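User: I would like to learn how to read aromatic pairs and nonpolar cores in a structure. Could you take me through them?

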Amino acid sequence: MVAEKKVAFYTLGCKLNFSETSTIARNFVNEGFKRVEFEEKADVYVINTCSVTDNADKRFKSIVKNALKKNDDAFLIAVGCYAQLKPEELAAVDGVDLVLGATEKFNVTSYINDLTKNNVGEVHSCEISDADFYVGSYSIGDRTRAFLKVQDGCDYKCTYCTIPLARGISRSDTLENVISNAKEISSKGIKEIVLTGVNIGDYGKGEFGNKKHEHTFLELVKELDKVDGIHRLRISSIEPNLLKDETIDFVSKSSSFVPHFHIPLQSGSDVLLNKMKRRYLTNTYTNRVTRIKEVMPNACIGVDVIVGFPGETDELFLETYNYLNEMDISYLHVFTYSERPNTEAVEFEGVVPKKVRAKRSKMLRGLSAKKRRAFYESQLGNTLTVLFESENKEGYIHGFTENYVKVKTPWNPALVNTLHKVVLTEIDEDGSVRLNFTNL
């Protein structure tokens, strides 16, 4: 009897990548492979790459080395954004056998004839203009939540961003397919779905291969809210100009959509927002945050921000810092600007020295910690619902409330993947929140 071939996956980057890795993994399983952890010996290692920062590019080489340490005969495949943008560069990395671009990655098993290692990495990558069809994905791995992809690609032309080059034009899954995937996730006992995509507020565009908006993001939200068995639906990242009052109001009354929004800002300076070619200015952003807090005072609001963009003077950075400091937000994701080839910003003047970028990043991370602490303190004494996760971390089980407060309580396996009403009592020294159960 031939031994079952083993495949392992490593995902860099965003929730969208995680949902796509899961889909690719299911293709392998359907072809008779056994999925194992990346730390284990496998016959095939698939690395789903990211190109958002320099760091993700560099990490790729060390991940390849780690895989080859476990099995120097393993067949190594690179997919994802970096594989689309720089296929030859990845193919040249020692030990890489196959590089697949944006459209090829979902047919990965059809590119494997045998698992003999290649002397040079083989490349199959399309012109990005060919990435105009939609492949649905969802991730199932963490038993408590799943990432459900509803949209791919982007038609925006932000001057710092390679995503349109890596993922192509904006296109959406059909409403019917999204609902079908949501029902399938629900049937597996998963309690929470996180909606993901490149620009999910643009949902509906390209649903049937054309540029028309067949459905809107609001219609998607309303239909998902009707799916039985999904206790929580979370909107991941949505552009401020696409987050409409109607959506905010619907979420505020919904039984399954949770009061948690992640809204990219990128800069608190209108001068820089214009240079970045963002599609809003700070007044729109302020208006969105105000609206959310009016109808959901306990909502959690996360913010993406880029530091060190070309032309960011000390004054303009302080404008961003002060803007965020005054805003009623809950945490920040801070990205240090890194030059990406084939973007407009690479040619811009006013390059910010790396040391200055690092210092500004540290300042904003400090502000984020302060904001998160203040948000957590504002929630003490509230009765909220926690979905517990599956890991035993040093004798504690962790979970998140609907409005994204991280909580902890002594480990109890019976709590895994269950929802409980709790009262938040105090902030622990590690920053998570202690609780009392109301229903045990």
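**Aromatic pairs and cores**

Analyst: This is a predicted model. Phe317 counts as buried, at 3% relative accessibility.

User: Which ring pairs with Phe317, and how are the two planes placed?

Analyst: A pair of aromatic rings is described by the distance of the centres and the angle of the planes. Phe317 and Tyr321 form a tilted pair, with 6.4 Å centre to centre and 50° between the planes. Both residues lie in helix 11, four residues apart, about one turn of the helix. Tyr321 has a relative accessible area of 19%, so it counts as buried, the cut-off being under 20%.

User: How many aromatic pairs are there?

Analyst: The count comes to 13. One of them, Phe309 and Tyr337, is edge-to-face, at 5.4 Å centre to centre and 75° between the planes. This pair links distant parts of the chain, 28 residues apart: Phe309 is in the loop between strand 13 and helix 11, and Tyr337 in the loop between strand 14 and helix 12. Phe309 is buried at 0% relative accessible area, and Tyr337 is buried at 5%. Ring pairs also link Phe309 and Tyr337 with Tyr160 and Phe348 into a cluster.

User: Which residues have the most contacts inside the largest nonpolar core?

Analyst: They are Leu195, Leu324 and Leu364, in a core of 51 residues. Helix 6 (residues 175–187) gives the largest share of this core, five residues. Apart from it lies another core of 22 residues, including Phe38 and Tyr45.

User: What lies over the face of Tyr396?

Analyst: Lys408 does, at 4.1 Å from the ring centre.

Definitions and conventions:
Residues numbered from 1 in each chain as written. Predicted model: local features only at pLDDT ≥ 70, side-chain atom pairs only at ≥ 80, totals over all residues. Heavy atoms only, no water. Core = buried A, V, L, I, M, F, W, Y, C linked by side-chain atoms within 4.5 Å. Buried < 20%, exposed > 50% of the residue type's maximum accessible area, 1.4 Å probe, protein only. Helix = DSSP H or I, 4+ residues; strand = E, 2+ residues; numbered from the N terminus. Phe/Tyr/Trp six-rings, centres within 6.5 Å; stacked < 30°, edge-to-face > 60°. Lys NZ or Arg CZ within 6 Å of the ring centre and 35° of its normal.
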